[in-house]
Amino acid sequence: MSRLLLRPLRTEPFPWEYSKSLWLAIWGVWDSGWYLDIAKFGYSTARRSGPEILNQANYAFFPLYPLSMRALGPLFGGPFNAGLVVSNVCLVVACFALLRLVRSRHGDRVARRAVKYFVLFPTAFILSGVFSESLFLALSILAFCWVAEDRLWPAATAAFLASLTRSVGVLLVIPLVLEYWNRRRVLQLPLERRGLALFLAPLGFVAFGAYNYFLTGDSLAFIRIQSSWNRGLHSPLSVLASGLVHPDVNKSFSAWMTLLVLGFLLAFVRRVGFPFAVLSLLLIAVPLATGLDSMPRYLLAVFPVPILLATLARKPLVDDAVTGAFAILQGCLMVFWASGFKLVV
């Protein structure tokens with residue numbers, strides 16, 4: 001209904017067609033088109049100049065998610081449908097992994113609340129769409145699960161695949177090493193040589209850089225092409241501060257949402273724990289340094305937020321208030337997202 005009622009109010013041209021079925025098409029927005037392009041045609045140095053796509057190229061996007069769409073496309077009637085399957089299967093995996101991770105630390109009730117807040121986070125509907133967020137979250141949470149269980153090689157493999165999924169995956173090595181060190185310290189156990197396995201985590205990022213060199217002659221081409229999306233490196237604090245008073249409602253919303261999440265984490269930083277605090281700050285600060293666009297989506301990756309909320313919302317009244325507020329806000333935001341507006345991209 002949102003698409004049918006509000007889409008005519010959107011005056012900008014819509015650059016992609018995802019599916020002829022409206023019920024499926026609403027799950028593809030903006031970057032979904034680039035993943036679909038890679039899944040159908042592979043990587044290319046060609047730069048696009050269609051509506052709202054100026055001098056952009058698909059090698060800006062990391063390969064694991066679109067290649068999964070390509071591999072499974074014949075089984076599900078095409079790569080777009082396959083992307084929906086991958087995203088939703090990974091969402092379920094991420095939920096069970098989060099349940100397992102939190103249960104081992106805080107017990108069953110907190111774990112169940114954490115999963116509830118995870119799927120009710122205001123932009124969590126994106127986890128069911130054709131985006132790489134579900135895959136990245138499933139791999140990231142599994143990596144921390146396996147480190148906590150002292151299964152370092154599976155953890156390193158999951159982190160390696162996460163760094164093949166999104167560029168920020170290269171940062172996982174830092175909090176994972178901190179988590180391993182902290183666990184050994186608490187248990188009063190010495191560090192082991194097999195802990196070095198965790199340093200394999202960034203190799204997905206390195207491998208994609210090598211492929212970029214083969215494709216374009218520049219191993220950092222996927223970073224340099226970001227300028228076509230008006231992205232560049234700036235101080236995260238200056239980007240945030242300017243966004244809070246920006247006349248563009250999309251940027252202002254992104255800034256205020258980022259500030260709320262960041263402020264919440266900093267207010268309870270001791271309760272989060274050092275490894276998760278470092279993870280959260282990296283997953284917020286690095287994308288923020290490139291601009292405010294897509295920050296409401298990027299905040300999904302900060303899975304310590306629902307964990308922290310679950311540890312605080314022990315009283316039924318607080319739990320009901322958070323649940324209701326998240327559900328209502330998520331519904332409102334999906335109205336704009338499904339209609340192609342830029343409030344959440």
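In the predicted model, Glu 192 is partly exposed, its relative accessible area amounting to 34%. The side chain of Glu 192 forms a salt bridge with that of Arg 184, at an N to O distance of 3.7 Å. Arg 184, by contrast, has a relative accessible area of 5% and is therefore buried, since the buried class comprises residues under 20%. Glu 192 also pairs with Arg 194, and in this salt bridge the closest N and O atoms lie 2.6 Å apart. Through shared partners, the salt bridges connect Asp 150, Arg 183, Arg 184, Glu 192 and Arg 194 in one network.

Arg 194 takes part in a further salt bridge, in which its side chain meets that of Asp 150 at 2.4 Å, N to O. This pair links distant parts of the chain, the two residues being 44 residues apart. Asp 150 is located in the loop between helix 7 (133-148) and helix 8 (152-162), whereas Arg 194 belongs to the loop between helix 9 (173-186) and helix 10 (203-216). The relative accessibility of Arg 194 is 32%, so this residue is classed as partly exposed. For the structure as a whole, the number of salt bridges is 16.

A helix-helix contact was also examined. Helix 12 (residues 236-244) packs with helix 13 (residues 249-267) at an angle of about 125 degrees, and their axes are 7 Å apart. The crossing of the two helices is left-handed.

On the side of helix 12, the contact is formed by Leu 240, Gly 243 and Leu 244. These residues meet Lys 251, Ser 252, Ala 255, Trp 256, Thr 258, Leu 259 and Leu 262 of helix 13. By residue class, the contact of helix 12 with helix 13 contains six nonpolar, three polar and one charged residue.

Notes: Residues numbered from 1 in each chain as written. Predicted model: local features only at pLDDT ≥ 70, side-chain atom pairs only at ≥ 80, totals over all residues. Heavy atoms only, no water. Salt bridge = Lys/Arg side-chain N within 4 Å of Asp/Glu carboxyl O. Helix = DSSP H or I, 4+ residues; strand = E, 2+ residues; numbered from the N terminus. Buried < 20%, exposed > 50% of the residue type's maximum accessible area, 1.4 Å probe, protein only. Axes fitted to C-alpha atoms, helices over the stretch in contact; angles between N-to-C directions. Left-handed = near helix turned anticlockwise from the far one by under 90°. Contact = heavy atoms within 4.5 Å. Nonpolar A, V, L, I, M, F, W, Y, C, P; charged D, E, K, R; others polar.
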